[in-house]
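I'll jot things down as I look them up.

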Amino acid sequence: MVFDVNFILEQITCKAMCKMLISVESGYELEVLQNEVAHVCEAMLAFPLRLPRTRFYKGLQARKKIMGIIGDAMSERRKGLEVECEDLLQRLLTEDEKACGETGTTARQLTDEEIKDNILTMIIAGQDTTASAMTWMVKFLDENPEVLATLMKEQLDLARKTSSKSFLTLESINDMPYASKVVKESLRLASVVPWFPRLALEDCEMEGFKIKRGWNVNVDAKSVHLDPTVYTDPNKFNPSRFDDESKVPYSFLAFGMGGRTCLGMNMAKAMMLVFLHRLTTTYRWKVIDEDSSIEKWGLFSKLKSGCPVTVTCIAENYTPRYQQ
Ligand code: HEM
């Protein structure tokens, strides 16, 4: 049986984000969110034409549906209809109430629209990016069996130490030095967010280039990640290059840099490590379409093929190649 890795991971990361943000983890709401988020992303790249059947229009409709679900969750919580949830929405609602109580005002810090926008931003920023990064990891590991063997050794050793616990603890996640380098190298080579835009607030000069106030400047993270003066043999997937951390400033831009650094960076890294652990200790897989082209309609750099794989479960008595 063939699995579309990217599709499956998009469903899983969407579920993880929805659980963390608004405690939705099954049923109609999750189905809507899983189906509609992709339309919102596509609309962000589309020509803004509000005509039925255009990508832009579909995106607006999808956004409306998602906002409806978040809005319903907000009203139910305010009416006390839902049991106390531990998620971002609850945080935003209670912090807001608290702030009103402390200042003795009724003026909210965030309007309802702003709360909904924040939740949607998080879903969009966190779902596709993390799913794409993990898909690239599957591809890179498939292409580099020696890296996979080292990673499997680390992860199977860890699994033996933690076999009595069903969930990975933070302690275990921090005990994955090689996997952390696999994550970092995958993010470098894939450059899931290949560039990000900035607006020059004043005239300035950088390395001899004059930039005028008001110009749009794109930070080309992908070119930095593939610059041979920064990374030796930059197109090679080599997690061990981070044994000796590159000291060139601003050379690792997978999560951006400075004041707008990715808010979900640590969560994304944790999700990628848990995924690597489960993948390498439970399954073997073979990528069956090695097409490396990138999806044109993706907001982020993702594989057009979706990275189809065949998968087999590792038998209980499986002995990895490095131990044979
Ligand atoms: C591998 C996965 C991820 C990658 C590669 C990634 C990458 C990035 C990058 C490059 C930026 C900076 C954009 C800029 O400077 O203009 C960014 C911003 C952001 N990311 Fe992520 N991200 C990932 C996962 C997540 C997750 C899981 C979340 C939420 C839980 C998230 C939430 C955000 C938010 C809210 C911002 C905007 C921060 C701001 O402008 O202040 N990201 N991300």
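This is a predicted model: local features need pLDDT of at least 70, side-chain atom pairs count only at pLDDT 80 or more; totals for chains, interfaces and linings use all residues.

What share of the contacts between residues at least 6 apart in sequence join residues at least 24 apart? I get 66% in this chain, with a contact meaning C-beta atoms, placed from the backbone, within 7 Å.

Residues are numbered from 1 along each chain as its sequence is written.

Next I looked up the secondary structure: 10 helices and seven strands. These are DSSP runs numbered from the N terminus, helices being H or I with at least four residues and strands E with at least two.

Then I turned to a sheet. I found an open one of three strands, ordered β1-β7-β6 with antiparallel pairing; strands pair if DSSP finds at least two bridges between them. Its edge strands are β1 (2-4) and β6 (283-287), each pairing on one side only. I see three bridges between β1 and β7 (residues 308-313), and Asp4 stands opposite Pro308.

Last, I checked Asn216, in strand β5 (residues 216-219). Is Asn216 buried or exposed? I note it as exposed, because 8 C-beta neighbours lie inside 10 Å; the cut-offs are 12 or fewer other C-beta atoms within 10 Å for exposed, 20 or more for buried, and partly exposed in between. Leu199 is 17 residues away in sequence, yet its C-alpha is 4.7 Å from that of Asn216.

Definitions and conventions:
Two residues are in contact if their C-beta atoms, placed from the backbone, lie within 7 Å.
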